[in-house]
Amino acid sequence: MVIKSKLLIMINMFFIYLSRIYTKTIRKMDTNSYIAMFHDIVEDEKQQDEYSVTRKEFANYIASLVHSGWNFSGSPPTVRKKSIQLTFDDGFSSVYHTAYPILKKHGIPFTVFITVDYIGTDGYMTWENITELCNSGLCRIGSHTLSHPLFRFLTLRQKTEELCRSKERIEKFIHTEVTDFAFPYGSFYAVDYKSRKLAKKYYQNVYTTTGICLHSNQSCYPRINVPFYRKKHLK
């Protein structure tokens, strides 16, 4: 019973800690610079999950940022007050068909991290889509690995293959050097220190998903999954 009681106290303290991080992040997102992470953009709320947003939510979010005078940064991101970088993971076709027209209208730069094995499959962009985005002058293409693995459990050889082969294949099609990489899953648990150090060997700009705002002297850039903060930022 004593052990069970201590375990419950520890679990409770952990969730209190998470709650404080969430509240602190919400407050900082109003004024501080941060990197926004998106995945899919859907038409109907019934299609929505914790990682996706509706077309209406995304359009309103961008309009709100523009109206509030936010500065839009490319890669690498700019660390200054009210500066934001927009990123998209995996390479969903909605980035090309939905997000791109909205961002193009406002002249907003953005970065798309491509999972190579997903390209051309159902719901994802084609190489033609990706090349057009790359040539638009607004979009920067980065790697999101070949197969979207959890890096913590990969061998050194597997990690190197995911990092290097994805970079080579993307560069082959877009004819542009790929200098940006985002880890799949991207949390402190999913991405160990050795994996982050290895990624920095092959890419200039490495991104995680640690849910905090930007500050100076970060070896890897943290990103915030905007849909998690739907009530505050996606109205």
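How many bridges pair E5 and E6, and in which sense, parallel or antiparallel? E5 and E6 pair over four bridges, in the parallel sense. The points below set this pairing in its context.

1. Basis of the note. The model is predicted: local features need pLDDT of at least 70, side-chain atom pairs count only at pLDDT 80 or more, and totals for chains, interfaces and linings use all residues. Residues are numbered from 1 along each chain as its sequence is written, and side-chain values use heavy atoms, with hydrogens and water left out.

2. Overall composition. Seven helices and ten strands are found in the chain; helices (H or I, at least four residues) and strands (E, at least two) are DSSP runs, numbered from the N terminus. Of the 235 residues in the chain, 49% are buried. Here buried means under 20% relative accessible area, exposed means over 50%, and partly exposed lies in between, with a 1.4 Å probe and protein chains only. The chain exposes about 12600 Å², of which carbon and sulfur atoms supply 55%; accessible areas come from the Shrake-Rupley method with a 1.4 Å probe, and for residues only the protein chains shown count as cover. Among contacts in the chain with a separation of 6 or more, residues 24 or more positions apart account for 68%, a contact being heavy atoms within 4.5 Å.

3. Strand E5 and its partners. E5 (residues 83-90) pairs with E1 in the parallel sense over five bridges. Two strands are taken to pair if DSSP finds at least two bridges between them. Towards E6, Thr87 stands opposite Thr111. E5 is mostly covered, with eight of its eight residues buried.

4. Strand E1. E1 (residues 34-38) is likewise mostly covered, five of its five residues being buried. In a regular strand the side chains alternate between the two faces of the sheet. Both faces of E1 are covered: Tyr34, Ala36 and Phe38 are buried on one side, Ile35 and Met37 on the other. E1 is also joined by two bridges to strand E10 (residues 224-225), which runs parallel to it. In E10, Asn225 is the bridge partner of Met37.

5. Nonpolar cores. A nonpolar core is a set of buried Ala, Val, Leu, Ile, Met, Phe, Trp, Tyr and Cys residues joined through side-chain atoms within 4.5 Å. The largest one has 52 residues, and those with the most contacts inside it are Phe58, Tyr61, Leu86, Phe88 and Phe110. Helix H3 (residues 93-106) provides the largest share of this core, six residues. Another core, of six residues, lies apart from it and includes Phe113, Tyr207, Leu214 and Tyr221. In soluble globular proteins, nonpolar side chains tend to be buried together. Packing of H5 and H6. Helix H5 (residues 156-174) packs against helix H6 (residues 193-202) at an angle of about 35°, with the axes 10 Å apart. Axes are lines fitted to C-alpha atoms, for helices over the stretch in contact, and angles run from 0 to 180 degrees between N-to-C directions. The crossing of H5 past H6 is right-handed, that is, the near helix is turned clockwise from the far one by less than a right angle, anticlockwise being left-handed. On the H5 side the contact is made by Leu156, Lys159, Thr160, Leu163, Cys164 and Lys167, and on the H6 side by Ser195, Leu198, Ala199 and Tyr202.

6. Backbone points to inspect. The peptide bond from Ser75 to Pro76 is cis, with omega near 0°, and Pro76 is found in the loop between E4 (71-72) and E5. His148 has a positive phi, near 65°, and is a residue other than glycine; His148 is found in the loop between E7 (139-143) and H5 and is buried, at a relative accessible area of 13%. Tyr185, also not a glycine, has a positive phi of about 70°. Tyr185 lies in the loop between E8 (180-182) and H6 and counts as partly exposed at 49% relative accessibility.

7. Surroundings of Thr115. Thr115 is found in the loop between E6 (110-114) and H4 (127-134) and counts as buried at 0% relative accessibility. Leaving out residues up to four places away in sequence, Thr115 touches Asp90, His144, Thr145, Leu146, Ser147 and His148.
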